[in-house]
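Trainee: Could you take me closely through one part of this model, the strands towards the end of the chain and how they pair? Please set that part against the chain as a whole.

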Amino acid sequence: MEMVRYRMGLDLGTNSIGWCLLELDEKGKPLSLIALNSRIFSDGREPKSKASLAVNRRMARGARRRRDRFQRRRTVLMNILVELGLFPKEEEERRALSGLNPYKLRAKALDHPLTPHELGRALYHLNQRRGFKSNRKTATKEEAKKTGPDMEGLKQAIEKSRARTLGEFYWFRNQKDLLIRGRPGENLYPIRSMYEAEFDAIHNAQRPHHKNLKSESWTFLKEHIFFQRDLKPQEPGRCQLNPDLFRSPRAFPSYQRFTIAQDLTNLEIIHPDRSKHHLADDQRALLWEKLNRQKTLGFGKIKTLLKLGDGYEFNLESDRRKELKGNVTACLLSKKAYFGDRWFDLEDDLRDEITDDLLHVEDEVLLIQKATNGWGLNEESAHELVKLGAEDFLPGYGRFSKDVLQALYRLMIHKGWRYDEAVKEMGYDHSDQYSNQVKGKLGYYGELLPEAVMGTRPEQYHPEKKFGKIGNPTVHIGLNQLRKLVNEIIQHYGPPDEIIVELVRDLKLSQKRKDELAKEQFANQKNNERIAKELAEIPVTNSRENRIKWKLWEELNKDVNDRCCPYSEEPIGPTKLFSPEVEIEHILPESATLDDSLANKTVSMAHANRLKGNRSPHEAFGHSPKGYDYEKILDRSRFLPGNKKWRFQSDAMDRFKEKNKFLERQLNDTAYLSKVAKKYLSHICDAKKIWVVPGRLTAYIRDRLGLNRVLDKRGIKNRDDHRHHAIDALVAGLTDRSLLQKIRTDNEGAIEKVKIEEPWDNFWNTVKEKADRIIVSHRPDHGVQGCLLEDTAYGVINNLSAWEKDEGFNVVSRKAISSLSTGEIKAVRDPDLREQLMKETEGLTGKDYKNALGAFSERTGVKRVRVLKKENPLEEIQHPQKKPRFTKSYAPGNIHHVSFWKMPDGKIQAEGVSVFKANQTDRNQLRPHPAAKLVLKIHKKDYLKLMDKGREKIVRVVSISPANKKMWLIEHFEGGNLGTRYKEKEVQYIFLMFSQIKEKQVRKIYVDSLGNIHDSGPVL
């Protein structure tokens, strides 16, 4: 097809990309809509917790590795003991040694000679459990609080028993028929040094009786038994200005000095007359000295230090920011217990080196040696210093390397230069960060953006391993999907002439901020529930608008009797609040600020709102028109939240313009992904023709053009329809610099609402027609990765009792008593235990139920019980695989797909295939009959075309249930929480029985990234 000049609009989200292509005329104005669509994919996180999916995989992988390493270490130790003559060569003879009590041998070894095989048995047992070894890098104070008392409790118990070693202490308990390692609450937590001390004691006692064992052999045995693998260092990302260097931890003093310098060079003093200027050299030097010795410095204190009077403000000061950050690491390490004031006399490199060692050195002994010999600390201070862990310092990494940071802040403080000026002086250009060479397509982002990735391994072939990747899984997946989509667009339409990107806020949030948001959302939910109850008492409909009105009403004053219109002072009670007399109004005019947030809203009398019009409170009431007193309005506004009361001041509009600077604010790349995406896209389009716009502005334009009605007749943005991402991309594509400039110009008067004209004739109908034809593209997932089997290992019951047969039980597993549910208690296999547990917990619920189980376990010493269960199907796994000695059974993991086979008699047979079976190398095992022919294979998220209620529909598979022989289907554009929407009857599933494949004319289709359908035709 003929290539045309076009602009690409992109709406980048956490799990979606909306896109549109706009044809441009000679002047670069939108001429027509070429195409638009939405691409949906997983964001690599758990839907509920939002934690990375890699976390559970990493934990399971870590457990497997620890077990594999333990088994390898045990095997190697066995071979060493055999070679030294401390264990028999024959396996049968070695098994016979397992009958010896190892605790008795460990105690006996201190006073009596052991035979070589007895000595080998005792040493082999030391390898089984080696005790806890503290690791400075991973240890936390919270863990220390939990394990510290237990460690100290064991030391005291050993001293009280007069045992010389840990093994002898355990032998004493064994003779008294006590649990060797104690019950919960006994505080018996062994540490590695206890085992090492016992090895030395056995060595000293047995050396005279085993003269054939040389000193090197004893040393070799100890090293192997107590070998501790070092933690694998994690490579940080590359410096953004010098990719040859690694980024510095945020805990480094040089990083914190840089952030202080950046704040001080950006800080401006705003005079009462609204004029402003940067800090003078002496002012900057004074604050520099203070901030490097404090964690924070409030703006009030800064005004006092600089001897500024009332009416002065700072450009960095806001309701959310009340202070400047100081040097946290310096404040910590300059304490008397550590370095004291001598910390400030150390060189920059040494301060960073000390911090680096405190973060990364694992060996406490080595660190104490460095502190005393290299850093000049006494023994007491050195021992206090090594108690500090990673949690005492700022987490994460900055953007620059240590050397770059040091050079930057020296120029910024000594010269008073801004960041961009300092960067330029160093020979870099912070704005020249985009590609100078436009390519035909996007390559892997790790190769093109080396400063943004970590974990590079040049010797590897796979791009992600060779060039590294971004640690944030959401950004990593998003950039890969962006590459795939953009490359397909280029292949089909040619390279874009311009690109405009809109990004959602969530992409720039840290995990800590996401956790905070989750708490805020929970608090909001509880608050909404409270308001719903209060609305029901009036009674008033529990709608979103009514809840907002109630919240705004509560903000007027804490005392319900003093809540009145902020302008007219007329009382507003709960009944009047929901009458036509009271309205929600924008404090500063929306047409001038584009601010439709709650921070810019309050409730007022309707007649006061009409009088105010599109003006600020001061513009409307500053001259105190009849019936209104501006001074009283200001006095009432002091009861409002801080982010609202400033809007009533006489200079509110000036302050808004000063803070926001409209055009610059709209083009400011604040989100992390926006910076990365813009730089990434500069490899296929001139960076000067790529810009980013915020969602708030596009929402304003979308509303003015009536585009919300494209997907919802009510004119409300329907976020449950995946096609809304494409509409957002279209709006982003329309938001070019000329439109931004027009909005800015039209806002100067702040009298009439900005008029957004349609870019071409019949615009809305064109968009509606294109949107109706959208087939939303979902990323398929046919991989065989995932949970192969459920976690629990079951034992198959061969000799079922009559009761077990009647109940249908077929497997048994062991479970901790404290975690038993009421149903599981009824399935406890031991009839006596079952009866006792049922009596103990009869009629109990919640904490009382849990406490009863704990008390029973404590009293009887029974920790785990065998629980019966019904599981079908089961997968039998033989251990070990080469020479099986026993078999375990597991319930299969997730369903991978369902296969439809055409049998020799012509009938269709459906077979559910688990992820475990999908990983089998012999696929013939899945064939139900040697002559069966596979006609269809359906996975979750697959697209199907079928007839439903007389209409052809394109649907995707939500869930598959082989047990019920049916699938849950939904139309391709439906999104949101489908389960909740189904319960609330907002959406309807299409239920497809396996037997209806032919009846409903089901055919599997493929939808590519651009939303094009690839249909292979009917399967039956």
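Mentor: Buried residues, meaning those under 20% relative accessible area with a 1.4 Å probe and protein chains only, make up 45% of the 1020 residues in the chain. This is a predicted model, in which local features need pLDDT of at least 70 and side-chain atom pairs count only at pLDDT 80 or more, while totals for chains, interfaces and linings use all residues. Residues are numbered from 1 along each chain as its sequence is written, and side-chain values use heavy atoms, with hydrogens and water left out.

The chain has 41 helices and 27 strands, taken as DSSP runs numbered from the N terminus (helices H or I, at least four residues; strands E, at least two). Among contacts (heavy atoms within 4.5 Å) between residues at least 6 apart in sequence, 65% join residues at least 24 apart.

Turning to the strands you asked about, β22 (residues 943-948) and β26 (residues 1003-1007) pair in the antiparallel sense over 3 bridges, where pairing requires that DSSP finds at least two bridges between two strands. Within this pair, Leu944 of β22 stands opposite Lys1004 in β26. Strand β26 also pairs with β27 (residues 1013-1015), again in the antiparallel sense and over 3 bridges, and here Val1007 has Ile1013 in β27 as its bridge partner. Strands β26 and β27 form a hairpin with 5 residues between them, and in its turn Gly1011 has a positive phi of about 90°.

How values were computed:
Buried means under 20% relative accessible area, exposed over 50%, partly exposed in between (1.4 Å probe, protein chains only).
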